[in-house]
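Here's a quick briefing on the fold and its aromatic contacts. Have a look at the model first, then we'll go through the helices, the strands and the rings.

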Amino acid sequence: MNSRHKSRPRSPRHALSTVTAVAVLGLTTAGCGEQGTGTRDEGNGNPTTSTGAKVLWLGDSIAGAEAPALGAALKASGVEFENSSSDGGGTIVDSGEKITRMISAETWKQLRKDIESFRPTVIAYQVTTYDWGSPDQQRAAYEKAVDTAEDAGAKLVFVSPPPIKIDAFYGPHEAQMRTAPKAAAEVAGKSGGTAAFFDASQVWGTDASAAKAQRAADGIHNCQQGAAAFAKWFTDKLGEQENFTPASVDSWARESWTGDERYDKLGCAA
C-alpha cells in the first residue's frame, strides 16, 4: 500500500505555478546553502553541504501531496529525504476496524524496512485521516512510534494534519480525527525530548474552506503552492531543531518537483 511518486519534467504551466508559489510565500532571495561536498541544490546545480540529517517522511496521501516540495526543500538544505507516505493509508493506529488494522500493519512493516535501509535520523509522521480509534488507542500507537524511533537512534516528529473537507467517508470518524493530533502532542510532550510535535495550523489554519488552508478542489489535498508553503515552514522548523540553515526558497521552488503527476490528477491550476 506504500506509494512513492517520481517527478516528471516540467511543462511551461508548471514553471508558472512555481513562480506563483514563490510570490505567495513572499520570498525571492537569491542565496542558497553553503558550498561543499554532499547533496546538490536543485536551484543552481552547486553542491550543498550535507547536514548529516536524514528525514523519513510518513503519512497518507495528504503527506504525499506535500512530499515533492518537502523533498526539494530539504535536499537543497543538505538533508537526505525519503518519502514513505502511502496513498489511501499510512496510519500507524489500529482502531480495531478492519481497514485500520490492515493499513497499520502494512505501515509498521514498511517502517521497519525503511529504518533498516535508510537509517533515518528523523522520522516525521504526519497524523493521517485514518488515525481513528479512541484517544488511548491513538496514544498507544504514538508511544510505540516514539519507542521505535528511539531504538533506531532517530528523533520522532509528529506533524498535525491540515484541515480538510469532511465528506460522507470521513464523517463517522470526525471526532476521532480531532483527538488524534491532541494525542500525538501529548505523547511528544511526555517523551523527554525524544519526540517533538509540529503544529501545522501555523501554515494552514483550522478552517478547510479558508484561503489560508490552500486545499485543492477536492478540499483535502494541496497543490504546488500549498506544498511549497508547507515545505518552507517544515524545513524552517526542522532547521531550528536539528541546527541547520534552510536553503532559500529560490533554490528549490522552481524545480522539477512541480511537475509531479499527482498535481495533474488533483486538477491543480497553473
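The expected span of a helix is 1.5 Å times one less than its number of residues, and helices here are DSSP runs of H or I, at least four residues, while strands are E runs of at least two, both numbered from the N terminus. This is a predicted model, with local features needing pLDDT of at least 70, side-chain atom pairs counting only at pLDDT 80 or more, and totals for chains, interfaces and linings using all residues. Residues are numbered from 1 along each chain as its sequence is written, and side-chain values use heavy atoms, with hydrogens and water left out.

**Helices**
- Helix 5 (residues 174–189) has 16 residues and should span 22 Å, which agrees with the 24 Å between its end C-alpha atoms.
- Helix 7 (residues 224–242), with 19 residues, should span 27 Å, and its end C-alpha atoms sit 26 Å apart, which agrees.

**Aromatic rings**
- Rings of Phe, Tyr and Trp (its six-membered ring) pair if their centres lie within 6.5 Å; planes under 30 degrees apart are stacked, over 60 edge-to-face and the rest tilted.
- That rule gives 15 aromatic pairs.
- Phenylalanine 198 and tryptophan 233 form an edge-to-face pair, because their ring centres are 6.2 Å apart and their planes at 80 degrees.
- Since phenylalanine 198 lies in strand 5 and tryptophan 233 in helix 7, the pair ties together parts 35 residues apart in sequence.
- Ring pairs link Trp57, Phe198, Trp204, Phe230, Trp233 and Phe234 into a cluster.
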